[in-house]
Amino acid sequence: AGNPVMQRIPEGMRAMTIKVDATAAVEGWAGSGSVVDVLLIEKDSTTVVAEKVKILSAERRVSPVEGEASPNVPSTVTLLVTQEQCL
């Protein structure tokens, strides 16, 4: 059947998986198909790393959380990014 994440990566784009928690994943509502900004939070500053990035999967799920009464909070999300955003 193929890898459902690999099938969603257009030419020239990359998939990057990051660890998240309840805060970063908007309590689980930021799931597959959501568009998010990625922030780097350091001790004394916050930097926008990437804007308007699509989530390809959350905790290995590619189906959106829409319609779920209470989505699970993922520990990882896979993002669709450019090579520059990935670096």
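Buried means under 20% relative accessible area, exposed means over 50%, and partly exposed is in between, with a 1.4 Å probe and protein chains only.

**Ground rules**

I am looking at a predicted model, where local features need pLDDT of at least 70, side-chain atom pairs count only at pLDDT 80 or more, and totals for chains, interfaces and linings use all residues. Residues are numbered from 1 along each chain as its sequence is written, and side-chain values use heavy atoms, with hydrogens and water left out.

**Whole chain**

I looked up the secondary structure and got 1 helix and 4 strands. Here helices (H or I, at least four residues) and strands (E, at least two) are DSSP runs, numbered from the N terminus. Reading from the N terminus, the order is β-β-β-β-α.

The radius of gyration is 13 Å, close to the 12 Å from the globule rule for 87 residues, so the chain is as compact as a globular protein of that length. For my own record, that radius is taken over C-alpha atoms, and the rule is 2.2 Å times the number of residues to the power 0.38. I also noted the box that the C-alpha atoms fill, roughly 45 × 35 × 15 Å along the principal axes.

The accessible surface comes to about 6200 Å², and 52% of it belongs to carbon and sulfur atoms. Those areas come from the Shrake-Rupley method with a 1.4 Å probe; for residues, only the protein chains shown count as cover.

Then contacts, meaning heavy atoms within 4.5 Å. Of those with a separation of 6 or more, 63% are between residues 24 or more positions apart.

**The sheet**

In what order do the strands of the open sheet lie? I read it as 1-4-3-2, with 4 strands and antiparallel pairing. Two strands pair if DSSP finds at least two bridges between them. The edges are strand 1 (13–19) and strand 2 (35–41), each pairing on one side only. Neighbouring strands are turned by 50 degrees against each other on average, direction ignored. The axes behind that angle are lines fitted to C-alpha atoms, for helices over the stretch in contact, and angles run from 0 to 180 degrees between N-to-C directions.

Next I went through the pairs. Strands 2 and 3 are antiparallel over 6 bridges, and they form a hairpin with 4 residues between them. Leu-39 has Val-48 in strand 3 as its bridge partner, and Val-35 has Lys-54. On to strand 3 (residues 46–58) and strand 4 (residues 76–82): 4 bridges join them, again antiparallel. Lys-54 turns up here too, opposite Leu-80 in strand 4, while Ile-55 is the bridge partner of Leu-79.

**The core**

A nonpolar core is a set of buried Ala, Val, Leu, Ile, Met, Phe, Trp, Tyr and Cys residues joined through side-chain atoms within 4.5 Å. The largest one here has 13 residues, and Val-36, Val-53, Ile-55 and Leu-79 are among those with the most contacts inside it. Strands 2, 3 and 4 each give two or more residues to this core. Strand 3 gives the most, with 4 residues.

Leaving aside neighbours within four places in sequence, Val-36 is in contact with Ala-30, Glu-51, Lys-52, Val-53, Ile-55 and Leu-79.

Ser-57 is in strand 3, and it counts as buried because its relative accessibility is 4%. Beyond four places in sequence, Ser-57 touches Val-5, Ser-32, Val-62, Val-77 and Thr-78. I also checked Met-6, 51 residues away along the chain from Ser-57: their C-alpha atoms are separated by 11 Å.

Most residues other than glycine have a negative phi. Lys-52 in strand 3 has a positive phi of about 50 degrees without being a glycine. Is Lys-52 buried or exposed? It counts as exposed, because its relative accessibility is 72%.

Arg-60 also has a positive phi, near 70 degrees, and is not a glycine either. I found Arg-60 in the loop between strand 3 and strand 4. Arg-60 counts as exposed, at 81% relative accessibility.
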